[in-house]
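Hello,

I am passing on the structure below, followed by some notes on what turned up in it.

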Amino acid sequence: MKRSKKEDAAAEGENGATKKAKPAKEPEAPILYDDPPDKLSSKDGKDANLKITSWNVDGLRAWVKKKGLDWVREESPDILCLQETKCAEKDLPKDITSMEEYPHKYWATSEENTGYSGVAMLCKNEPIKVTYGIGKEEHDKEGRVITAEFPNYFLVTAYVPNAGKGLVRLDYRKTWDEDFKAYLSDLDKQKPLILCGDLNVAHQEIDIKNPKGNKKNAGFTPEEREGFSQLLEAGFVDSFRELYPEQQYAYTFWTYMMNARGKNVGWRLDYFVLSSALLPNLCDSKIRSKAMGSDHCPITLHLAI
């Protein structure tokens, strides 16, 4: 009896002959970001003389136990800014409060929940003046901003509010973005500023591994991205994108779930934003993606001031 090819194949299977299987597709190796060598001079040849590092530590006490300070000592920035410290001043680890390298230390914590939010600034040289918050009670009770004035610039470190699961705080975030932009613009009228920290937004599709699947998630909503665009339009510059406009796979945050960091499924949420007037002073803006100790990695700025 004549059989079809389909019947022949089925019969071969019954007789123990194996159908030639397609080779299993090899999983694609993750594309990691390789931080290039530091550029230590500006475009017009001025030597870098100011080094600032910013790091969302996701809990200061845990980060200290994970040897975060060893990395800081090796990096040796002039100023260290930390976000999401989640630690009351009375509970600060002695390992960091006793650091002689940074004699000038400043802390801001949440008034209502000391295990939430919080920022810090550690300086080798004493600022002229240090202030906390942005002058609006609804924002300032969460310990999100420290501003230090130096002779030639302001330095602002910030932990910007997350829009939250289900975007429950998106309206609040939009109000924050507007008020924070006004605060920075007022400072900028006095002298140029550097803003650093976890700004809780991946600005463009290039700044996130999976843009299509995250358009309704906190940190990548149209509203948050537009808020950041408006900040740049007010006279500020994203230093990393200024230097590396086409650089892909450069992220600063990875969820602890599903081996996201190993696969480099990340977000670029941490920034150095500069007043346009500081552009001639910009030497380099680094993403230290290999530094461990948090779900964020540190970033470092080199300026010739």
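**Strand 12 and its partners**

Strand 1 (residues 50-56) and strand 12 (residues 299-303) pair in the antiparallel sense over five bridges. Two strands pair if DSSP finds at least two bridges between them. Helices (H or I, at least four residues) and strands (E, at least two) are DSSP runs, numbered from the N terminus. This is a predicted model, in which local features need pLDDT of at least 70 and side-chain atom pairs count only at pLDDT 80 or more, while totals for chains, interfaces and linings use all residues. Residues are numbered from 1 along each chain as its sequence is written, and side-chain values use heavy atoms, with hydrogens and water left out.

To place that pairing, look for Ser54, whose bridge partner in strand 12 is Ile299. Strand 11 (residues 282-287) also pairs with strand 12 in the antiparallel sense, over five bridges. Here Lys286 has Thr300 as its bridge partner, and Ile287 has Ile299.

Is strand 12 enclosed or open? Five of its five residues are buried, so strand 12 is largely enclosed by the rest of the structure. Buried means under 20% relative accessible area, exposed over 50%, and partly exposed in between (1.4 Å probe, protein chains only). Both faces of strand 12 are covered, with Ile299, Leu301 and Leu303 buried on one side and Thr300 and His302 on the other. In a regular strand the side chains alternate between the two faces of the sheet. Strand 11 is likewise largely enclosed by the rest of the structure, because six of its six residues are buried.

Elsewhere, six strands form an open sheet with mixed pairing, in the order 5-6-7-8-10-9. Its edge strands, strand 5 (129-132) and strand 9, each pair on one side only. Strand 5 pairs with strand 6 (residues 145-150) in the antiparallel sense over four bridges, and the bridge partner of Val130 in strand 6 is Ala148.

Helix 6 packs on this sheet, touching strands 5, 6, 7, 8, 9 and 10. The direction of helix 6 makes about 165 degrees with that of strand 7 (153-159). Helix 7 packs on the sheet too, touching strand 8, strand 9 and strand 10, and its direction makes about 125 degrees with that of strand 9.

**Helices 6 and 7 together**

The axes of helix 6 (residues 170-190) and helix 7 (residues 222-233) come within 10 Å and cross at roughly 5 degrees. That makes helix 6 roughly parallel to helix 7. Axes are lines fitted to C-alpha atoms, for helices over the stretch in contact, and angles run from 0 to 180 degrees between N-to-C directions; those under 35 degrees count as roughly parallel, over 145 as roughly antiparallel, 65 to 115 as roughly perpendicular and the rest as oblique.

Contact means heavy atoms within 4.5 Å. Among the contact residues are Arg173, Asp177 and Lys181 of helix 6, and Glu223, Glu224 and Gln230 of helix 7.

Helix 7 itself has buried residues Glu224, Arg225, Gly227, Phe228, Ser229 and Leu231. What covers them includes helix 6, strand 8 (193-198), strand 9 (236-238) and strand 10 (270-275). Just after helix 7, Gly235 takes a positive phi of about 115 degrees.

Best wishes
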